2 protein chains.
Amino acid sequence: MTPGDDTVETRELTYFVAVAEELHFGRAARRLGIAQPPLSRAIQQLERRLGVRLLERDHRTVELTEAGETLLREGQAALAAVSAAVRRTRRAGRGAPSLVLAAKPGGDADLLPEILAAYAATPGAVPVDIVFSALERGAMVRDGRADAALLHAPREDLTGLAVEELLVESQVAVLPRGHRLAGRAELSMADLDGEPLPRWPGAVPEGSLRIAESGQLMHLVALGRAVAVVPRSIQGNLRHDLVGVPVADAPPTTLVLAWPQDARSRALAAFVRTAAEVARRAAHANRP
Amino acid sequence: MTPGDDTVETRELTYFVAVAEELHFGRAARRLGIAQPPLSRAIQQLERRLGVRLLERDHRTVELTEAGETLLREGQAALAAVSAAVRRTRRAGRGAPSLVLAAKPGGDADLLPEILAAYAATPGAVPVDIVFSALERGAMVRDGRADAALLHAPREDLTGLAVEELLVESQVAVLPRGHRLAGRAELSMADLDGEPLPRWPGAVPEGSLRIAESGQLMHLVALGRAVAVVPRSIQGNLRHDLVGVPVADAPPTTLVLAWPQDARSRALAAFVRTAAEVARRAAHANRP
DNA sequence: GGGTGTCATACCGCGAGGGTATCGCCCGTG
DNA sequence: CACGGGCGATACCCTCGCGGTATGACACCC
């Protein structure tokens with residue numbers, strides 16, 4: 001038996017991931033910008049080279065085998081690693097070092113201005129570009145689009161990232177001013193039973209409340225179509241027609257600064273150190 | 001300007017990594033099993049596509065640019081991720097699940113037999129294959145050759161891995177029986193000044209003491225050519241002509257069980273849990 | 001039973017990747 | 001200082017594999 005080459009081209013991985021995500025050769029081919037037959041062949045060839053059946057197709061439906069599931073997961077990670085290598089290499093070559101920080105609008109607990117100021121005052125500081133993105137910030141760090149990101153644990157997945165905890169926050173429910181619970185001083189999660197809780201990008205609830213950006217979410221709340229449970233620090237930025245009410249038993253959220261574990265950049269290390277220092281000072285200042 | 005494709009074929013990465021490691025096109029080409037001209041072209045093309053100079057070649061020597069260094073590091077990681085994807089997919093497809101554990105001969109602090117027995121008694125346990133390797137065990141986990149490994153922190157690099165601490169050990173110096181320090185009840189690192197310390201695979205000391213396997217190291221110690229500082233648990237397996245003397249101020253070593261952070265396997269989770277449990281019991285038994 | 005949608009097969013053309021031969025350059029060395 | 005050796009780049013050719021179009025096989029729907 002031929003041992004089979006121990007590697008696979010990224011093109012093949014991309015193809016497989018597309019099919020595995022779409023579960024449909026035609027759509028996947030369109031998404032990849034190629035015709036369907038070459039795609040079918042590529043997948044067959046991949047299966048032959050791996051010596052493993054990846055997809056079960058029965059002329060009507062396509063579904064993943066056990067092996068297919070693993071290759072989807074692992075392939076996505078591998079592709080992210082390749083993109084990261086490319087992007088980081090490009091950045092390293094363009095001279096002029098800088099840091100890219102991914103943040104969520106309003107999701108910095110107001111720490112960001114102070115962190116940026118403190119870091120800029122550091123000897124040897126490099127320019128910091130802020131890129132805003134509501135979702136995907138973890139993926140941006142993993143695939144090199146950003147050097148670091150502000151994430152909310154445990155809402156967001158931290159696997160593969162090194163983290164520094166900045167701030168632990170309790171959560172509040174965001175409600176329209178006229179809501180039956182808006183006057184309460186405090187709520188419990190049980191009080192929110194029956195309310196449409198979109199809970200960010202996770203399991204999409206019945207009414208297909210797909211939230212991509214916090215403005216959308218706040219709009220839905222104002223319309224009475226959703227109720228959001230978010231970190232307390234959001235309260236400062238609420239629209240005038242919304243109120244935040246503490247939810248006593250909602251699990252606390254931790255704001256973390258995350259970066260790739262294997263990062264070797266001096267500038268990043270200094271930034272992390274500064275951010276941690278600023279967060280520590282802020283925590284002391286708020287409750288001494 | 002063409003934005004340039006945001007990805008790169010693994011073949012190109014392999015080629016670049018070979019050249020970057022060899023710093024010599026001819027040798028790299030031989031290692032890759034291709035001729036030198038196509039390799040030169042491939043690298044040039046890669047540089048053009050990334051829009052970045054990767055190597056500085058001046059007709060006599062080849063050296064890495066800043067960007068080249070990053071691509072070497074990141075490319076190696078990306079290639080490991082691809083191999084891992086391939087290997088794990090193959091294993092997932094071959095039915096018959098099992099676990100592969102990488103260990104160093106003599107490096108298990110005698111915990112392994114008990115861990116294996118305890119795990120085998122677990123409901124739903126799968127067969128566990130042990131693969132021995134003195135170096136590289138971390139890499140084996142990262143690239144999918146093993147599901148888990150026993151590593152010694154901080155001697156070995158744990159980035160990218162999830163770990164469970166099993167045992168913290170003090171270290172002993174291994175000396176020939178006739179050595180001037182062999183009779184002492186305890187040493188300090190200062191006592192070892194001037195002794196040839198190979199300290200495992202790290203910085204190779206002057207005499208090019210490249211150690212690949214612990215038997216070699218012990219042999220060198222017996223010959224008076226080296227002195228080793230190793231975890232205490234080694235003492236049980238020493239050759240008759242060697243003795244171990246505690247080194248008071250050597251940093252303690254931690255034996256950890258490491259596995260890929262994003263692992264999703266039930267069997268692995270159960271194995272980790274069992275190993276931690278066994279280690280905890282052993283620690284209590286030894287100093288109650 | 002025709003129509004439609006889906007994946008597989010057949011066949012073809014072109015371009016990228018690999019091979020050989022050779023150049024240009026630098027650096028030893030006698 | 002001329003010459004040879006070593007190394008990477010260039011020139012040229014050829015093959016193989018990727019992608020495209022056309023078509024087949026099959027299942028499901030009305």
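In the predicted model, Pro154(A) lies in the loop that connects strand 5 (148-153) with strand 6 (161-169) of chain A. The peptide bond leading from Ala153(A) into Pro154(A) is cis, with omega near -5 degrees. In chain B, Pro154(B) is likewise placed in the loop between strand 5 (148-153) and strand 6 (161-169), and Ala153(B) is joined to Pro154(B) by a cis peptide bond whose omega is about 0 degrees. A further backbone feature concerns Leu23(A), which is not a glycine but has a positive phi of about 55 degrees. Leu23(A) belongs to the loop between helix 1 and helix 2 of chain A.

Chain A is divided into three parts: domain 1 (10-86), domain 2 (99-159 + 257-286) and domain 3 (171-246). Taken over C-alpha atoms, the centres of domain 1 and domain 2 of chain A are separated by 34 Å.

In chain B, an open sheet of five strands has the order 4-3-5-10-6, with mixed pairing. Strand 4 (128-132) and strand 6 of chain B each have a single partner strand, so one side of each of these edge strands is left without a neighbour in the sheet. The twist in this sheet averages 25 degrees from one strand to the next. Strand 3 (residues 99-103) and strand 4 of chain B run parallel and are joined by five bridges. In this pair, Leu101(B) is set opposite Ile130(B) of strand 4.

The two protein chains are related by symmetry. Chain A is superposed on chain B by a rotation of 179 degrees with 0.0 Å of shift along the axis, giving an RMSD of 0.2 Å. This relation is that of a two-fold axis. The same surface serves both copies, as 100% of the contact residues of chain A recur in chain B.

The contact between the chains draws 33 residues from chain A and 33 residues from chain B. On the side of chain A that touches chain B, the elements giving two or more residues are helix 1 (10-22) and helix 4 (66-93) of chain A. Helix 4 of chain A gives the most to this side, with 19 residues. By residue class, the side of chain A that touches chain B comprises 13 nonpolar, 11 polar and nine charged residues.

DNA strand C is surrounded by 18 residues, of which Phe25(A), Pro37(A), Ser40(A), Ala35(B) and Pro37(B) are the closest. Two or more residues of the surface near DNA strand C come from each of helix 2 (25-32) and helix 3 (36-50) of chain A and helix 3 (36-50) of chain B. Helix 3 of chain A provides the largest share of this surface, five residues. The surface near DNA strand C divides into eight nonpolar, seven polar and three charged residues.

DNA strand D is also surrounded by 18 residues, the closest being Ile34(A), Ala35(A), Phe25(B), Pro37(B) and Ser40(B). For the surface near DNA strand D, the elements that give two or more residues are helix 3 of chain A along with helix 2 (25-32) and helix 3 of chain B. Helix 3 of chain B gives the most to the surface near DNA strand D, with four residues. The residues of the surface near DNA strand D comprise eight nonpolar, six polar and four charged.

Conventions: Residues are numbered from 1 along each chain as its sequence is written. Chains are lettered from A and ligands numbered from 1 in the order in which they are written. This is a predicted model: local features need pLDDT of at least 70, side-chain atom pairs count only at pLDDT 80 or more; totals for chains, interfaces and linings use all residues. Two residues are in contact if their C-beta atoms, placed from the backbone, lie within 7 Å. Ala, Val, Leu, Ile, Met, Phe, Trp, Tyr, Cys and Pro count as nonpolar, Asp, Glu, Lys and Arg as charged, and the others, Gly among them, as polar. A residue is near a molecule or strand if its C-beta atom, placed from the backbone, lies within 6 Å of it. Copies are superposed by least squares on the C-alpha atoms of residues with pLDDT of at least 70 in both. Domain bounds come from an automatic or database domain assignment. Two strands pair if DSSP finds at least two bridges between them. Axes are lines fitted to C-alpha atoms, for helices over the stretch in contact, and angles run from 0 to 180 degrees between N-to-C directions.
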